[in-house]
Amino acid sequence: MTASLRAFLAVLGAALLAQGLTSWLLDASGNASNSMPYRFANADPRHALIHVVWGSVILVLLARGLDHQGCVRLALVFGVFYTGLAVIGVAVHHPLGLRLDRGENVFHLLVGPITLAVGLVALRAERAFA
């Protein structure tokens with residue numbers, strides 16, 4: 001289970017970091033746009049910062065040898081944070097000044113609960129094994 005959880009978190013961290021950095025580059029170069037394919041990377045700088053921070057934290061913790069329990073906790077905390085961000089994004093238009101529109105909210109509604117579920121499955125497996 002640990003290898004699968006670590007792989008999931010590594011892909012998640014790398015994707016978040018890449019998306020956030022791409023958003024910053026597009027914004028800085030004046031190429032940010034709501035048209036495809038730029039729409040997938042288009043985010044306001046503060047929203048991109050959230051992705052860069054989460055992606056970096058996940059990758060640094062994994063590189064430092066985060067154990068199974070740490071991976072479970074990381075998945076749970078991330079899942080709760082992004083699920084909360086999704087709920088707030090749906091309930092409030094541009095919460096905290098973040099431009100969270102339909103695409104961002106859908107992404108958060110997917111990645112948050114999925115990561116939370118992965119963390120809960122890993123926690124349950126850990127407890128069953130113990």
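Among contacts in the chain (heavy atoms within 4.5 Å) between residues at least 6 apart in sequence, 73% join residues at least 24 apart. What you are looking at is a predicted model, in which local features need pLDDT of at least 70 and side-chain atom pairs count only at pLDDT 80 or more, while totals for chains, interfaces and linings use all residues. Residues are numbered from 1 along each chain as its sequence is written, and side-chain values use heavy atoms, with hydrogens and water left out.

**Overall fold**

The secondary structure consists of four helices and zero strands, where helices (H or I, at least four residues) and strands (E, at least two) are DSSP runs numbered from the N terminus. Along the sequence this gives the pattern α-α-α-α. The radius of gyration is 16 Å, close to the 14 Å from the globule rule for 130 residues, so the chain is as compact as a globular protein of that length. That radius is taken over C-alpha atoms, and the rule is 2.2 Å times the number of residues to the power 0.38. Along its principal axes, the C-alpha trace spans about 50 × 30 × 25 Å.

**Surface and charge**

Of the 130 residues, 37% are buried; here buried means under 20% relative accessible area, exposed over 50%, and partly exposed in between (1.4 Å probe, protein chains only). The chain exposes about 7,400 Å², and carbon and sulfur atoms supply 69% of it. These areas come from the Shrake-Rupley method with a 1.4 Å probe, and for residues only the protein chains shown count as cover. The 9 positive and 6 negative charges have mean positions 6 Å apart. Lys and Arg count as positive and Asp and Glu as negative, while His and the chain ends are not counted; each charge is placed at NZ of Lys, CZ of Arg, CG of Asp or CD of Glu.

Rings of Phe, Tyr and Trp (its six-membered ring) pair if their centres lie within 6.5 Å; planes under 30 degrees apart count as stacked, over 60 as edge-to-face and the rest as tilted. The count comes to five aromatic pairs. One of them joins Trp54 and Phe78 edge-to-face, at 5.0 Å centre to centre with 85 degrees between the planes. Trp54 lies in helix H2 (residues 45-63) and Phe78 in helix H3 (residues 68-91), so this pair ties together parts that are 24 residues apart in sequence. Trp54 also pairs with Phe81: their ring centres are 5.5 Å apart and their planes at 45 degrees, so that pair is tilted. Since Phe81 lies in helix H3, this second pair ties together parts that are 27 residues apart in sequence. Trp54, Phe78, Phe81 and Tyr82 form one aromatic cluster.

Here is how some residues compare in accessibility:

| Residue | Relative accessible area | Class |
|---|---|---|
| Trp54 | 13% | buried |
| Phe78 | 0% | buried |
| Phe81 | 35% | partly exposed |
| His51 | 3% | buried |
| Val60 | 46% | partly exposed |

His51 is found in helix H2. Not counting residues up to four places away in sequence, His51 touches Leu16, Leu17, Gln19, Gly20, Tyr82, Phe107 and His108. Val60 lies in helix H2 too. The C-alpha atoms of Val60 and Ala10 are separated by 9.8 Å, although these residues are 50 residues apart along the chain.
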